[in-house]
Amino acid sequence: MRFVDEAKIIIRSGSGGQGSVSFRREKYVPRGGPDGGDGGKGGDVIMRANNNLLTLYDYRHASFQEAESGRPGGGRLCYGRAGEDKIVEVPVGTQVFEEVDGQERLIADFTTDGQEIVVAEGGRGGKGNAHFKSSVMQVPRFAQPGEPGVEKYIRLELKVFADVGLLGLPNAGKSTLISRISAARPKIAAYPFTTLAPNLGVVIDEHERKLVVADIPGLIEGAHTGQGLGHTFLRHVERSRFLVHILSIEDVNVDDPLSGFHILDDELRMFDPALGEKPQIRVINKIDLVDEERLAEVRAAFDQLGLKVYFMSALDETGVDVVLDAMWNLHLQTVKDETEHGTID
(Lines give C-alpha, C1' and ligand atoms only; values in the text may rest on other atoms or scores of the structure.)
Protein backbone atom coordinates (compact mmCIF):
# COMPACT_ATOMS: atom_id res chain seq x y z
CA MET A 1 0.00 0.00 0.00
CA ARG A 2 1.29 3.45 -0.95
CA PHE A 3 2.03 5.93 1.81
CA VAL A 4 -0.37 8.88 1.47
CA ASP A 5 -0.21 11.68 4.02
CA GLU A 6 -2.85 14.06 2.65
CA ALA A 7 -6.39 13.58 1.37
CA LYS A 8 -9.52 15.62 0.75
CA ILE A 9 -12.94 14.14 1.48
CA ILE A 10 -16.56 15.21 1.66
CA ILE A 11 -18.58 14.08 4.66
CA ARG A 12 -22.32 14.21 5.13
CA SER A 13 -24.31 13.35 8.23
CA GLY A 14 -27.69 11.66 7.97
CA SER A 15 -30.93 13.61 7.71
CA GLY A 16 -33.58 13.21 10.40
CA GLY A 17 -36.65 11.15 9.59
CA GLN A 18 -40.03 12.74 8.84
CA GLY A 19 -42.57 12.83 11.68
CA SER A 20 -45.79 10.93 11.07
CA VAL A 21 -49.35 12.26 10.65
CA SER A 22 -51.59 9.49 11.91
CA PHE A 23 -54.84 9.00 13.89
CA ARG A 24 -56.03 6.08 15.93
CA ARG A 25 -58.35 3.82 13.99
CA GLU A 26 -59.65 1.14 16.36
CA LYS A 27 -62.94 -0.66 16.52
CA TYR A 28 -65.22 0.66 19.24
CA VAL A 29 -62.95 3.70 19.80
CA PRO A 30 -64.74 6.67 18.20
CA ARG A 31 -62.85 9.82 17.28
CA GLY A 32 -59.39 8.36 17.94
CA GLY A 33 -56.77 11.01 18.59
CA PRO A 34 -53.45 11.71 16.83
CA ASP A 35 -50.84 9.01 17.25
CA GLY A 36 -48.14 9.91 14.73
CA GLY A 37 -44.64 9.02 15.98
CA ASP A 38 -41.39 10.96 15.67
CA GLY A 39 -38.85 10.41 12.94
CA GLY A 40 -35.45 8.94 13.84
CA LYS A 41 -32.31 11.03 14.27
CA GLY A 42 -29.82 11.04 11.40
CA GLY A 43 -26.48 9.31 11.92
CA ASP A 44 -23.39 11.29 12.93
CA VAL A 45 -20.07 11.25 11.08
CA ILE A 46 -17.44 10.33 13.67
CA MET A 47 -13.69 10.35 13.12
CA ARG A 48 -11.61 7.99 15.23
CA ALA A 49 -7.84 7.49 15.53
CA ASN A 50 -6.59 3.98 14.90
CA ASN A 51 -3.02 3.02 15.77
CA ASN A 52 -3.10 0.19 13.22
CA LEU A 53 -3.43 2.59 10.30
CA LEU A 54 -0.31 4.19 8.82
CA THR A 55 -1.60 6.01 5.75
CA LEU A 56 -4.55 7.97 4.33
CA TYR A 57 -4.42 5.92 1.13
CA ASP A 58 -8.00 4.61 1.46
CA TYR A 59 -9.46 8.11 1.30
CA ARG A 60 -7.90 8.79 -2.08
CA HIS A 61 -10.42 6.27 -3.41
CA ALA A 62 -13.31 6.79 -0.96
CA SER A 63 -13.58 10.56 -0.91
CA PHE A 64 -17.26 10.65 0.08
CA GLN A 65 -18.30 9.47 3.53
CA GLU A 66 -21.99 9.56 4.45
CA ALA A 67 -23.95 8.51 7.54
CA GLU A 68 -27.37 6.86 7.30
CA SER A 69 -30.51 8.99 7.48
CA GLY A 70 -33.15 8.40 10.16
CA ARG A 71 -36.32 6.51 9.28
CA PRO A 72 -39.74 8.22 9.30
CA GLY A 73 -42.12 7.82 12.21
CA GLY A 74 -45.28 5.71 12.01
CA GLY A 75 -48.75 5.42 13.46
CA ARG A 76 -49.50 4.12 16.95
CA LEU A 77 -46.68 6.32 18.28
CA CYS A 78 -44.08 4.26 16.47
CA TYR A 79 -40.75 6.11 16.41
CA GLY A 80 -38.52 5.89 13.36
CA ARG A 81 -35.19 4.10 13.71
CA ALA A 82 -32.14 6.34 14.11
CA GLY A 83 -29.63 6.28 11.28
CA GLU A 84 -26.36 4.46 11.85
CA ASP A 85 -23.30 6.59 12.53
CA LYS A 86 -20.48 6.61 9.98
CA ILE A 87 -17.10 5.88 11.59
CA VAL A 88 -14.16 7.30 9.64
CA GLU A 89 -10.92 5.83 10.97
CA VAL A 90 -7.66 7.69 10.46
CA PRO A 91 -4.06 7.09 11.60
CA VAL A 92 -2.81 8.55 14.86
CA GLY A 93 -1.14 11.84 13.99
CA THR A 94 -3.86 12.99 11.59
CA GLN A 95 -5.01 16.60 11.66
CA VAL A 96 -8.49 17.42 10.38
CA PHE A 97 -9.18 20.76 8.68
CA GLU A 98 -12.61 22.02 7.67
CA GLU A 99 -12.78 24.15 4.53
CA VAL A 100 -15.29 27.02 4.61
CA ASP A 101 -15.38 29.75 1.96
CA GLY A 102 -11.84 28.99 0.89
CA GLN A 103 -10.51 29.18 4.47
CA GLU A 104 -9.36 26.30 6.66
CA ARG A 105 -9.72 25.77 10.38
CA LEU A 106 -8.33 22.94 12.47
CA ILE A 107 -11.16 20.96 14.07
CA ALA A 108 -9.28 17.89 15.33
CA ASP A 109 -5.75 16.69 16.02
CA PHE A 110 -5.58 12.97 16.75
CA THR A 111 -2.67 12.16 19.04
CA THR A 112 -3.80 8.99 20.83
CA ASP A 113 -5.28 5.66 19.77
CA GLY A 114 -9.07 5.55 20.10
CA GLN A 115 -9.48 9.32 20.29
CA GLU A 116 -12.64 10.37 18.46
CA ILE A 117 -14.71 13.43 17.59
CA VAL A 118 -18.10 14.05 16.00
CA VAL A 119 -17.29 16.11 12.91
CA ALA A 120 -20.87 16.32 11.58
CA GLU A 121 -23.98 15.77 13.69
CA GLY A 122 -26.98 14.04 12.22
CA GLY A 123 -30.22 15.94 11.71
CA ARG A 124 -32.88 15.82 14.40
CA GLY A 125 -35.94 13.70 13.62
CA GLY A 126 -39.21 15.51 13.00
CA LYS A 127 -41.97 15.35 15.60
CA GLY A 128 -45.13 13.44 14.79
CA ASN A 129 -48.57 14.99 15.07
CA ALA A 130 -49.11 13.39 18.49
CA HIS A 131 -46.77 16.10 19.86
CA PHE A 132 -49.04 18.92 18.73
CA LYS A 133 -52.30 17.81 20.32
CA SER A 134 -53.71 20.37 22.76
CA SER A 135 -57.04 21.60 24.13
CA VAL A 136 -57.28 24.08 21.27
CA MET A 137 -55.87 21.77 18.58
CA GLN A 138 -57.33 18.32 19.06
CA VAL A 139 -56.85 17.15 15.46
CA PRO A 140 -53.40 18.35 14.26
CA ARG A 141 -52.98 17.33 10.65
CA PHE A 142 -49.31 18.13 10.30
CA ALA A 143 -45.93 16.90 11.49
CA GLN A 144 -42.37 18.19 11.35
CA PRO A 145 -39.97 17.24 8.60
CA GLY A 146 -36.61 15.92 9.73
CA GLU A 147 -33.66 18.28 9.85
CA PRO A 148 -31.27 17.86 6.92
CA GLY A 149 -27.82 16.43 7.41
CA VAL A 150 -24.67 18.52 7.41
CA GLU A 151 -22.17 18.42 4.54
CA LYS A 152 -18.56 19.49 5.07
CA TYR A 153 -15.41 19.63 2.98
CA ILE A 154 -12.54 18.13 4.96
CA ARG A 155 -8.79 18.00 4.40
CA LEU A 156 -6.81 15.31 6.23
CA GLU A 157 -3.12 15.79 6.90
CA LEU A 158 -1.01 13.07 8.48
CA LYS A 159 2.07 13.90 10.50
CA VAL A 160 3.92 10.75 11.48
CA PHE A 161 3.86 10.27 15.25
CA ALA A 162 7.15 8.74 16.43
CA ASP A 163 9.54 8.86 19.37
CA VAL A 164 12.59 9.20 17.14
CA GLY A 165 13.01 10.85 13.75
CA LEU A 166 15.97 9.68 11.66
CA LEU A 167 17.25 12.74 9.84
CA GLY A 168 19.95 13.00 7.21
CA LEU A 169 20.95 13.97 3.71
CA PRO A 170 20.01 11.56 0.90
CA ASN A 171 21.90 8.25 1.03
CA ALA A 172 23.14 8.85 4.60
CA GLY A 173 22.15 5.33 5.66
CA LYS A 174 18.94 5.97 7.62
CA SER A 175 17.03 3.14 5.98
CA THR A 176 19.84 0.70 6.68
CA LEU A 177 19.87 1.69 10.35
CA ILE A 178 16.11 1.26 10.81
CA SER A 179 16.33 -2.15 9.15
CA ARG A 180 19.05 -3.19 11.65
CA ILE A 181 17.22 -2.11 14.83
CA SER A 182 13.63 -3.04 13.91
CA ALA A 183 11.58 -5.30 11.67
CA ALA A 184 11.03 -2.51 9.11
CA ARG A 185 12.30 -3.36 5.65
CA PRO A 186 12.57 -0.17 3.62
CA LYS A 187 14.01 0.00 0.12
CA ILE A 188 17.81 0.31 0.28
CA ALA A 189 20.06 1.14 -2.67
CA ALA A 190 23.31 2.98 -3.41
CA TYR A 191 21.68 6.10 -4.83
CA PRO A 192 19.86 9.12 -3.34
CA PHE A 193 16.13 9.30 -2.61
CA THR A 194 15.51 5.57 -2.35
CA THR A 195 13.10 6.43 0.49
CA LEU A 196 10.13 8.39 -0.87
CA ALA A 197 7.83 7.97 2.14
CA PRO A 198 8.41 7.76 5.91
CA ASN A 199 9.07 4.25 7.21
CA LEU A 200 8.08 3.34 10.75
CA GLY A 201 9.93 0.77 12.83
CA VAL A 202 9.28 -0.39 16.38
CA VAL A 203 12.13 -1.35 18.71
CA ILE A 204 11.18 -3.44 21.77
CA ASP A 205 13.65 -3.91 24.62
CA GLU A 206 13.92 -6.67 27.22
CA HIS A 207 11.42 -4.81 29.45
CA GLU A 208 8.79 -4.82 26.65
CA ARG A 209 9.16 -1.06 26.24
CA LYS A 210 8.56 0.29 22.74
CA LEU A 211 10.53 2.87 20.79
CA VAL A 212 8.86 4.05 17.57
CA VAL A 213 11.40 5.17 14.99
CA ALA A 214 10.53 7.10 11.81
CA ASP A 215 12.88 7.08 8.83
CA ILE A 216 12.23 10.54 7.36
CA PRO A 217 13.00 10.67 3.60
CA GLY A 218 16.24 12.42 2.63
CA LEU A 219 16.10 16.19 2.80
CA ILE A 220 18.31 18.60 0.88
CA GLU A 221 19.45 22.18 1.19
CA GLY A 222 16.48 24.43 0.42
CA ALA A 223 13.94 21.92 1.75
CA HIS A 224 12.19 24.63 3.81
CA THR A 225 11.24 26.37 0.54
CA GLY A 226 9.88 23.12 -0.92
CA GLN A 227 12.95 21.98 -2.85
CA GLY A 228 13.51 18.25 -3.13
CA LEU A 229 10.91 16.52 -0.98
CA GLY A 230 10.64 19.77 0.98
CA HIS A 231 7.49 20.53 2.93
CA THR A 232 6.09 17.11 2.07
CA PHE A 233 8.23 15.48 4.76
CA LEU A 234 9.55 18.27 6.97
CA ARG A 235 6.19 18.25 8.72
CA HIS A 236 6.77 14.65 9.83
CA VAL A 237 9.78 15.77 11.87
CA GLU A 238 7.47 17.93 14.01
CA ARG A 239 5.90 14.90 15.71
CA SER A 240 9.18 13.28 16.80
CA ARG A 241 10.30 13.62 20.41
CA PHE A 242 13.93 13.88 19.34
CA LEU A 243 16.10 13.40 16.27
CA VAL A 244 18.96 11.14 15.29
CA HIS A 245 20.93 13.15 12.75
CA ILE A 246 23.00 10.88 10.51
CA LEU A 247 25.86 12.08 8.32
CA SER A 248 27.93 9.90 6.01
CA ILE A 249 31.65 10.04 6.82
CA GLU A 250 32.16 10.85 3.13
CA ASP A 251 30.44 14.20 3.73
CA VAL A 252 32.61 15.24 6.71
CA ASN A 253 35.01 18.15 6.22
CA VAL A 254 37.65 17.89 8.96
CA ASP A 255 38.37 21.63 8.66
CA ASP A 256 34.72 22.35 9.51
CA PRO A 257 33.33 19.05 10.85
CA LEU A 258 29.88 20.42 11.72
CA SER A 259 29.20 21.87 8.27
CA GLY A 260 27.47 18.69 7.10
CA PHE A 261 25.13 18.73 10.09
CA HIS A 262 24.46 22.47 9.74
CA ILE A 263 22.85 22.01 6.31
CA LEU A 264 19.77 20.29 7.71
CA ASP A 265 19.87 22.04 11.08
CA ASP A 266 19.44 25.35 9.24
CA GLU A 267 16.58 23.89 7.17
CA LEU A 268 14.78 22.80 10.33
CA ARG A 269 15.09 26.23 11.93
CA MET A 270 13.91 28.03 8.79
CA PHE A 271 10.90 25.72 8.48
CA ASP A 272 9.98 26.02 12.17
CA PRO A 273 12.28 27.48 14.86
CA ALA A 274 10.94 24.91 17.35
CA LEU A 275 12.38 22.09 15.23
CA GLY A 276 15.86 23.53 15.63
CA GLU A 277 15.46 23.17 19.39
CA LYS A 278 14.64 19.46 19.38
CA PRO A 279 17.22 17.24 21.12
CA GLN A 280 19.58 15.50 18.69
CA ILE A 281 21.91 12.55 18.66
CA ARG A 282 24.62 13.13 16.04
CA VAL A 283 25.93 10.08 14.23
CA ILE A 284 28.66 9.58 11.65
CA ASN A 285 27.78 6.57 9.49
CA LYS A 286 29.57 4.41 6.90
CA ILE A 287 32.86 4.21 8.77
CA ASP A 288 33.46 0.95 6.88
CA LEU A 289 34.27 3.06 3.80
CA VAL A 290 37.44 4.64 5.24
CA ASP A 291 40.69 3.34 6.67
CA GLU A 292 41.75 3.67 10.31
CA GLU A 293 43.86 6.76 9.63
CA ARG A 294 40.95 8.69 8.11
CA LEU A 295 38.60 7.55 10.86
CA ALA A 296 41.03 8.73 13.55
CA GLU A 297 41.32 12.09 11.78
CA VAL A 298 37.56 12.58 11.78
CA ARG A 299 37.23 11.52 15.42
CA ALA A 300 39.92 14.00 16.41
CA ALA A 301 38.17 16.83 14.56
CA PHE A 302 34.98 16.34 16.61
CA ASP A 303 36.89 15.76 19.86
CA GLN A 304 38.54 19.17 19.45
CA LEU A 305 35.06 20.74 19.41
CA GLY A 306 34.11 18.92 22.62
CA LEU A 307 31.00 17.42 21.03
CA LYS A 308 29.54 13.97 21.60
CA VAL A 309 29.31 12.28 18.19
CA TYR A 310 28.68 8.58 17.64
CA PHE A 311 30.42 6.55 14.94
CA MET A 312 28.91 3.48 13.31
CA SER A 313 28.56 1.39 10.20
CA ALA A 314 24.89 0.47 9.81
CA LEU A 315 25.88 -1.89 7.02
CA ASP A 316 28.02 -4.21 9.15
CA GLU A 317 26.38 -3.10 12.45
CA THR A 318 29.59 -1.75 13.98
CA GLY A 319 28.62 0.73 16.73
CA VAL A 320 24.87 0.33 16.11
CA ASP A 321 24.27 -1.04 19.62
CA VAL A 322 25.96 2.05 21.15
CA VAL A 323 23.77 4.37 19.08
CA LEU A 324 20.67 2.40 20.08
CA ASP A 325 21.58 2.67 23.77
CA ALA A 326 21.90 6.44 23.36
CA MET A 327 18.47 6.52 21.70
CA TRP A 328 16.89 4.61 24.60
CA ASN A 329 18.53 6.88 27.18
CA LEU A 330 17.36 10.06 25.47
CA HIS A 331 13.88 8.60 24.96
CA LEU A 332 13.49 7.80 28.65
CA GLN A 333 14.74 11.27 29.57
CA THR A 334 12.35 13.07 27.21
CA VAL A 335 9.37 11.03 28.43
CA LYS A 336 10.34 11.84 32.03
CA ASP A 337 10.61 15.55 31.24
CA GLU A 338 7.25 15.58 29.45
CA THR A 339 5.58 13.79 32.37
CA GLU A 340 7.02 16.22 34.92
CA HIS A 341 5.93 19.24 32.86
CA GLY A 342 2.53 17.79 32.00
CA THR A 343 3.07 17.83 28.23
CA ILE A 344 2.93 14.14 27.49
CA ASP A 345 -0.05 12.93 25.45
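Visitor: Where is the place of Arg76?

Guide: Happy to start there. Arg76 sits in the loop between strand E3 (64-66) and strand E4 (86-91). Before going on, a word on the basis: this is a predicted model, in which local features need pLDDT of at least 70 and side-chain atom pairs count only at pLDDT 80 or more, while totals for chains, interfaces and linings use all residues. Residues are numbered from 1 along each chain as its sequence is written, and side-chain values use heavy atoms, with hydrogens and water left out.

The backbone of Arg76 deserves a look: its phi is near 60°, a positive value in a residue other than glycine. Arg76 counts as exposed because its relative accessibility is 68% (exposed means over 50% relative accessible area, buried under 20%, and partly exposed in between, with a 1.4 Å probe and protein chains only). Lys286 also has a positive phi, near 65°, again in a residue other than glycine. Lys286 lies in the loop between strand E13 (280-285) and H4, and with a relative accessible area of 16% Lys286 is buried. Helices (H or I, at least four residues) and strands (E, at least two) are DSSP runs numbered from the N terminus.

E3 belongs to an open sheet of five strands in the order E3-E1-E8-E5-E6, with mixed pairing. E3 and strand E6 (103-109) stand at its edges; each has a single partner strand, so one side of each is left without a neighbour in the sheet. From one strand to the next, the twist averages 30° (axes are lines fitted to C-alpha atoms, for helices over the stretch in contact, and angles run from 0 to 180 degrees between N-to-C directions). At the E6 end, strand E5 (residues 94-100) and E6 pair in the antiparallel sense over six bridges, where two strands pair if DSSP finds at least two bridges between them. In that pairing, Val96 stands opposite Ala108 in E6.

Strand E2 (residues 45-50) pairs with E7 in the antiparallel sense over four bridges, and Met47 stands opposite Ile117 in E7. The hairpin of E10 and E11 has five residues between the strands, and within it Glu208 takes a positive phi near 65°.

Now for the rings. The structure holds three aromatic pairs (rings of Phe, Tyr and Trp, the last by its six-membered ring, pair if their centres lie within 6.5 Å; planes under 30 degrees apart count as stacked, over 60 as edge-to-face and the rest as tilted). One of them is the tilted pair of Phe132 and Phe142, 5.0 Å centre to centre with 40° between the planes. Phe132 counts as partly exposed because its relative accessibility is 23%, and Phe142 is partly exposed with a relative accessible area of 38%. Phe261 and Phe302 form an edge-to-face pair, 6.3 Å centre to centre with 65° between the planes. Phe261 lies in helix H3 (residues 259-271) and Phe302 in helix H4 (residues 292-305), so this pair ties together parts 41 residues apart in sequence. Phe261 counts as buried at 0% relative accessibility, and Phe302 counts as buried at 1%.

Phe261, Phe302 and Phe311 form one aromatic cluster. The charged end of Arg282 sits over the ring of Phe261, 5.0 Å from its centre, and that of Arg299 sits over the ring of Phe311, 4.5 Å from its centre. A charge sits over a ring if NZ of Lys or CZ of Arg is within 6 Å of the ring centre and within 35 degrees of the ring normal.

Stepping back, the secondary structure of the protein chain comes to five helices and 14 strands, and buried residues make up 48% of its 345 residues.
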